[in-house]
Amino acid sequence: MKVSVITVCFNSEATIEDTLRSMQAQTHGNIEYIIIDGSSTDKTLQIIERYKHITAKVISEPDKGIFDAMNKGIGLATGDIIGILNSDDFYKSADALSKVVNAFASGVSAVYGDIEYVKKNETKKVVRYWRSGIFSKIKMKYGWMPPHPAFFVRADVYKKYGTFNTQLRVSADYELMLRVLYKQKIKVAYLNKTLVCMRIGGNSNNSIKSRLKANNEDKLAWKINNLDYSFFTTILKPIRKIPQFIFKNKH
């Protein structure tokens, strides 16, 4: 199967080479790599140019936010499977995409795995480990979600159920997974492996203010989908992250 991987970036000169190197190292034989750049003004595009042999499409233009840029990439993708690799993330191993493709062979519509949070400038140091576990609706009702960087979807899921809702600035990834997993009940498989390493800090977790905004958007995600929202979802969603800092076992 053909895998389309989308990287969205803006002024990412400090981290994007790790992303590109991990893409270059992938052993799966049929990869379409798409980069959507938001008109970077640093050396991001010069670094990408050095890896043009692995990129199928590179677009650099203003966008309306990270999820708008991801939607652009999805619109350009021609693969059977689509994944998102952020510009400060990288795949844990050279066979990460091969493992994902093998998991899709069972006929599922989505596959997800685990991620490791690593130190920003010391990427071999794991500070947090997100072990996803097997999906269930009740777990999602009480705050569970898979890590979006390790979430891969068949292209026809986006065609059938839509892409990222740009009304949400922080929780559009959560809303998408809620929509397809919980509401639409697509068939999904959990891959019990670390697929992605992610530098600590992120769009929804870097301050109390942004966490509160994410909580409000999480509630909106349920409302948008006409789903009954539990008060405990907001409470338990951040609490579920505590063991990720305690148990940092690697796969």
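Is Glu17 buried or exposed, and what is its relative accessible area? In this predicted model, Glu17 is buried, with a relative accessible area of 18%, which places the residue under the 20% limit for that class.

## Salt bridges

The whole structure contains 10 salt bridges. One of them joins Glu17 to Arg50, with the closest N and O atoms 3.1 Å apart. Glu17 belongs to helix α1 (residues 16-24), while Arg50 lies in the loop between α2 (44-49) and β3 (57-60); the two are 33 residues apart.

A further salt bridge pairs Glu32 with Lys2, the closest N and O atoms being 4.0 Å apart. This pair also links distant parts of the chain, with Glu32 in strand β2 (residues 31-37) and Lys2 in the segment before β1 (3-9). Glu32 is buried at 4% relative accessible area, whereas Lys2 is partly exposed at 23%. Lys2, Glu32 and Lys57 are linked in a network of salt bridges.

Glu61 and Lys72 form another salt bridge, in which the closest N and O atoms are 2.8 Å apart. Because Glu61 lies in the loop between β3 and α3 (66-76) and Lys72 in helix α3, the pair ties together parts 11 residues apart in sequence. Glu61 is partly exposed at 33% relative accessibility, and Lys72 is partly exposed at 22%.

## Aromatic contacts

There are 5 aromatic pairs in the whole structure. The ring centres of Tyr112 and Trp144 are 5.8 Å apart and their planes meet at 65°, so this pair is edge-to-face. Both residues are buried, and together with Phe135 and Tyr190 they form one aromatic cluster.

## Charges over rings

Arg128 lies over the face of Tyr117, 4.0 Å from the ring centre. Lys137 lies over the face of Tyr182, at 4.4 Å from the ring centre.

Definitions and conventions
Residues numbered from 1 in each chain as written. Predicted model: local features only at pLDDT ≥ 70, side-chain atom pairs only at ≥ 80, totals over all residues. Heavy atoms only, no water. Phe/Tyr/Trp six-rings, centres within 6.5 Å; stacked < 30°, edge-to-face > 60°. Buried < 20%, exposed > 50% of the residue type's maximum accessible area, 1.4 Å probe, protein only. Lys NZ or Arg CZ within 6 Å of the ring centre and 35° of its normal. Salt bridge = Lys/Arg side-chain N within 4 Å of Asp/Glu carboxyl O. Helix = DSSP H or I, 4+ residues; strand = E, 2+ residues; numbered from the N terminus.
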